[in-house]
Amino acid sequence: MATAAITAERENYLNQEYGIKSWLLTVDHKRIALLYLLSITFFFFIGGFFALLIRLELLTPAGDLVQADTYNKLFSMHGQVMIFFFLIPSIPAVLGNFLVPLMIGAKDLAFPRINLLSWYLYIIAGVLMVHCMLTGGVDTGWTFYTPFSTAFSNTKVIEAGLAIFISGFSSILTGLNFVVTIHRMRAPGMTWDRLPLFIWAHYATSIIQLLGTPVVAVTLVLVVLERALHLGIFDPTRGGDPLLFQHLFWFYSHPAVYIMILPSMGVVTEIIPCFCRKRIFGYKFVALSSISIAVFGFLVWAHHMFVAGISLYAALIFSALSYLVAVPSAIKVFNWTATMYKGSITFSTPMLYAFGFVGLFTMGGLTGLFLAALGLDVHVTDTYFVVAHFHYIMVGGALMGYLGGMHFWWPKISGRMYPESLGRLAALIVFLGFNLTFFPQFILGYLGMPRRYWQYPPEFQVLNVLSTAGATVLAVGYLLPMVYFLWSMRYGKVAPDNPWGASGLEWMTTSPPPTFNFDQPPVVNWEAYDYEHIPAPQEARSGG
Amino acid sequence: MADSPIAVEHHNPALKHHFADMEQQREASSLGMWLFLATEIMFFGGMFCAYLIYRLWYFPDFGAASNSLDITLGAVNTAVLICSSLTVVMAVRAAQLGKRQQQVIYLALTLVLGLAFLGVKAVEWTSKFKEHHIPGPTFNFEGSIPSHPDQPVDQHHAQIFFSLYFAMTGMHALHMVIGVGIFSYLLYHAWKGTYTPEYYTPLENSGLYWHFVDIVWIYLFPLLYLIDRKK
Ligand SMILES: [Cu+2]
């Protein structure tokens with residue numbers, strides 16, 4: 001009761017107004033972030049439900065739980081929901097929305113109403129997607145490959161395509177808002193080389209959202225038109241070219257991987273210096289590596305098409321360029337490691353996720369190099385090796401970063417502390433469950449188990465059982481934070497303004513922040529990650 | 001909110017709460033519009049890319065299909081759009097000089113020209129519909145390759161040309177319709193006197209949009225109408 005009295009004293013963005021209207025019509029970036037948090041969590045559980053059914057079907061070699069057609073729909077919708085409705089909006093629309101203005105000392109994003117519009121577009125897309133799932137679903141895979149999607153599939157391709165088209169606009173508007181905000185709304189003294197690296201990562205992400213998303217949007221329009229009117233653009237029997245679809249699709253969908261992973265890298269770059277009490281090693285290199293990942297990311301798309309019938313010379317060039325992306329990624333990994341070197345590390349929950357991220361992202365990245373190698377790629381194309389690889393990046397990487405970030409900034413968002421020991425336990429469960437789920441899939445793929453089948457030869461069963469068991473553990477690891485975050489909103493300890501002794505403007509305002517973020521417009525006259533001059537909090541030191 | 005110290009700086013009623021001054025607000029809106037136009041370039045870029053590939057593959061059929069388009073109407077429309085870009089610029093200039101009446105006249109002219117463009121487009125599409133040049137089950141294109149009159153045109157390849165023609169001009173026309181909507185809104189506000197020499201950002205940014213749509217057409221006209229016109 002005493003805690004409730006303390007929070008009631010200060011006006012903040014949560015208690016300034018009450019009622020459903022004050023949320024649905026809000027233009028406050030922090031409230032919109034929470035709207036996004038609720039919606040993407042909803043879709044995370046839908047996508048997770050599909051994943052669970054997939055893993056249950058694969059528990060036995062026979063196709064016994066679901067029919068082949070149902071299985072096709074399950075993995076298609078798992079991919080579409082997780083990618084377009086969870087991972088792509090996850091960090092940018094929740095943590096980015098909340099933190100970008102706070103970190104640069106602005107009162108809001110440049111276009112608050114467009115920000116709200118982007119959430120409504122997301123919701124319209126989401127409703128369409130749910131309607132599509134309830135009325136039969138879609139079975140094209142998340143990739144919508146033609147001519148299957150345009151001429152053969154008799155599921156709801158048009159509806160799913162339109163849903164993703166609309167969610168794309170929501171993503172474009174978020175990116176546009178961030179770029180303008182970062183360019184035009186920085187507080188006095190917040191120069192480009194003082195920006196938190198989280199901001200640099202979001203800047204790079206936004207550029208990809210702006211330049212990549214329109215291409216997939218127009219591609220989906222063409223697929224919808226072709227399916228409805230039989231144009232022939234992607235139909236080889238009418239002079240069209242299905243490979244053109246793949247080029248256009250991957251022109252966005254490879255960079256889309258960086259829309260998912262770059263924000264996570266930004267989160268980890270905030271967490272590591274804080275819990276090592278050290279300035280980030282090589283600030284400029286980390287910042288520029290984000291930009292170069294965004295740029296190189298646009299030049300490698302055809303590595304998804306090595307066996308699809310592109311010319312050998314094209315394949316060679318795309319293979320070499322794909323290796324090039326490893327350079328800025330490795331720069332980041334080395335700089336994180338160098339930051340930890342001789343740091344005084346606290347093994348708190350966000351830091352555990354950051355450790356998990358660095359390790360799993362490295363594994364995912366290195367196996368990406370296997371896939372970029374022409375010879376090896378022929379062997380493992382369309383096998384579980386690919387599935388394991390991109391789950392190491394998207395779940396081991398992007399999702400770990402998201403969870404780490406949620407724990408790191410939860411005190412700022414909610415004004416409450418989550419239970420630290422439970423947090424560490426959950427982080428450990430997620431890490432173990434993740435590896436148990438996806439490491440066996442590397443072996444399965446290398447042994448030749450193809451992806452997207454509901455049956456498999458009996459000799460693959462042991463590894464599949466391990467994977468399914470891991471998925472169950474992972475599910476527990478995801479449910480735990482949801483439960484204790486909700487619990488902490490009421491019963492958690494009241495959070496101080498800066499519980500971690502972290503640098504950054506967002507920690508210099510109250511927890512939770514007031515509606516316009518700062519009581520006094522901040523002026524920055526210090527360098528980023530100035531941990532030599534910030535005292536570590538006592539509580540975090542003693543290990544909580 | 002209203003009694004916070006920042007409120008004192010609210011000189012212009014058009015200044016939103018989260019900007020420090022009009023200059024910052026104007027620059028933010030302008031950058032936002034340019035970025036939006038960049039996404040538009042990528043959006044149309046996907047279709048231009050498809051066009052380029054099929055034009056290289058099926059050049060003779062594309063030439064024949066292109067010759068069936070009405071070059072006079074296309075040229076008239078090009079002139080109409082270029083004129084409308086001029087009237088947009090004149091409207092912005094009038095706002096900068098604070099001349100409300102001129103603003104209203106130029107915006108009205110822009111609207112008329114925009115609607116004229118759409119009207120001509122509708123006439124063109126209707127004739128294509130009558131000639132069975134709409135892609136789909138009833139598609140039928142009679143004709144021969146311009147340089148080899150004895151060689152008939154491949155139906156499938158001609159259909160791809162018309163698919164791209166309708167996708168590109170249709171998407172362009174959709175942008176025109178949106179533009180007409182925006183300019184009706186601007187006309188209403190110009191008439192009410194919303195735009196002043198201190199605040200005319202919506203006019204300027206909508207102008208950028210209009211010019212962009214104009215430029216897309218300037219590319220579409222030669223690419224679709226003038227493929228192989230030599231006599
Ligand atoms: Cu890729």
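Modeller: We can begin with cavities: on a 1 Å grid over the protein atoms alone, a cavity is a set of points where a 1.4 Å probe fits but cannot get out, while a pocket is an open set with protein on both sides within 12 Å along at least five of seven lines, and lining residues have an atom within 4 Å of a point. Grid points are joined across faces, edges and corners, and a volume is the space filled by probe spheres set on the points. This is a predicted model, in which local features need pLDDT of at least 70, side-chain atom pairs count only at pLDDT 80 or more, and totals for chains, interfaces and linings use all residues. Residues are numbered from 1 along each chain as its sequence is written, chains are lettered from A in the order in which they are written, and side-chain values use heavy atoms, with hydrogens and water left out.

Biologist: What is the volume of the largest pocket, and which residues are the closest to its centre?

Modeller: The largest pocket has a volume of about 1600 Å³, and of the 43 residues that line this pocket, the closest to its centre are Phe111(A), Ile114(A), Leu117(A), Met33(B) and Ile182(B).

Biologist: Is Asn335(A) buried or exposed?

Modeller: Buried means under 20% relative accessible area, exposed over 50%, and partly exposed in between (1.4 Å probe, protein chains only). Asn335(A) has a relative accessible area of 6%, which means that this residue is buried. Asn335(A) is placed in helix α11 (residues 312-340) of chain A.

Biologist: Which residues is Asn335(A) in contact with, leaving aside its neighbours within four places in sequence?

Modeller: Contact means heavy atoms within 4.5 Å, and Asn335(A), with those neighbours left aside, is in contact with Phe281(A), Gly282(A), Phe285(A) and Val286(A).

Biologist: What pLDDT does chain B average?

Modeller: The pLDDT is the predictor's confidence in each residue, from 0 to 100. Chain B averages 91, with 95% of the residues scoring at least 70, although over residues 1-10 of chain B the pLDDT is below 50. Where pLDDT is low, the predicted coordinates should not be read in detail.

How values were computed:
Helices (H or I, at least four residues) and strands (E, at least two) are DSSP runs, numbered from the N terminus.
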